[in-house]
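Please read it alongside the sequence and the coordinates.

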Amino acid sequence: MAGRERITVPDFREKKQRGEKIAVLTAYDATMARLLDRAGVDALLVGDSLGMVVLGYDSTIPVTLEDMVHHTRAVARGAHRALVIADMPFLTFQTGVEEAVRNAGRLIQEGGAAAIKLEGGRAVLDVVRRLVEVGIPVMGHLGLLPQSVNQIGGYRKQATKPAEAEALLADARMLEDAGAFALVLESIPPDLAGAVTAAVSIPTIGIGAGPDCDGQVLVSHDMLGLFDGFVPSFVKQYAHLSETVVAAARAYVDEVRDSQFPASPNSVADVHRSGR
Ligand code: KIV
């Protein structure tokens, strides 16, 4: 594939067949989407982590379909090569197949996403089947399901017992049979993630699931060190942007207070942002 060609859903399966690892990051706005796209990520996930790292909620539960459509549209405007995948938020796909199709359709039609992601295994198979039937590609999500945080009682590793691991492996196979094109595996033991990866022909994208997945996804605010709330232990911070932002803003505040910024009018070119 040429360097700047748009990544497609079939490319995901081909990458697995070729043994090429898949790099996914989350994005929530056009500027960040443009930068991450330029860095060469394969897919931009407009995750409902939006609620926690952008909107200031303490879980993903309050995120609405309107929020997701709005932010997906922004990401789609910034992404030129990466596949844009939009998360279906809580209660937009659990209340019936028809409603799920309508809501997923909005993320594709109004948001400009090429695919959607939804959480769950056997409980969502009818929805997955119907979405795929009507032409909406689906990424599954197993393991830690943040939309079920009230049921599981916290953000902790899942499928640690043999029976749970068996159930997750069966869910992965069922999602593949239902037509999912890829699976996120979140916070499960690495050996289980490796077993799922070997058992299905669609790519697995791990987060806190070890190295034996077909690809990895991280929340961009976590890996860039931009989110200064709780950062999960499996995250590698490739930058510490929160410190850079605070230092830059502090320098600006100091310069304004000391009348150092702006510089004297004669030394400043009068170029407006839109005129660059
Ligand atoms: O919402 C999100 O960002 C996600 C990823 C953590 C996989 O679901």
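At what angle do helix α6 and helix α8 pack, and how far apart are their axes? The angle between α6 (residues 125–133) and α8 (residues 162–178) is about 25°, and the axes lie 9 Å apart.

## Basis of the model

This is a predicted model: local features need pLDDT of at least 70, side-chain atom pairs count only at pLDDT 80 or more, and totals for chains, interfaces and linings use all residues. Residues are numbered from 1 along each chain as its sequence is written, and side-chain values use heavy atoms, leaving out hydrogens and water.

Helices (H or I, at least four residues) and strands (E, at least two) are DSSP runs, numbered from the N terminus.

## The α6–α8 pair

Two packed helices are described by the angle between their axes and the distance between the axes. Axes are lines fitted to C-alpha atoms, for helices over the stretch in contact, and angles run from 0 to 180 degrees between N-to-C directions. α6 and α8 are therefore roughly parallel (angles under 35 degrees). The crossing of α6 past α8 is right-handed (the near helix is turned clockwise from the far one by less than a right angle).

From α6, Leu125, Val128, Arg129 and Val132 meet Met174, Leu175 and Ala178 of α8. Contact means heavy atoms within 4.5 Å. By class, this contact has six nonpolar, no polar and one charged residues. Ala, Val, Leu, Ile, Met, Phe, Trp, Tyr, Cys and Pro count as nonpolar, Asp, Glu, Lys and Arg as charged, and the others, Gly among them, as polar.

## Buried face of α1

Helix α1 (residues 9–18) buries Val9, Asp11, Phe12, Lys15 and Lys16 (buried is under 20% relative accessible area, exposed over 50%, with a 1.4 Å probe and protein chains only). Seen down the axis, these residues fall within an arc of 155°, so they line one face of α1. The arc is that of the directions from the helix axis to the C-beta atoms.

Pro10 and Gln17 are exposed on the other side of α1. Just after α1, Gly19 has a positive phi of about 75°.

## α2 and Gly78

In helix α2 (residues 30–38), the buried residues are Ala30, Met32, Ala33, Leu36 and Asp37. Their arc around the axis is only 160°, which puts them on the same side of α2. Their cover includes β1 (22–26), β2 (43–46), α4 (65–78) and α10 (220–223).

Gly78 is found in α4. Gly78 is buried, at a relative accessible area of 0%. Not counting residues up to four places away in sequence, Gly78 touches Ala30, Ala33, Arg34 and Asp37.

How values were computed
Angles under 35 degrees count as roughly parallel, over 145 as roughly antiparallel, 65 to 115 as roughly perpendicular and the rest as oblique.
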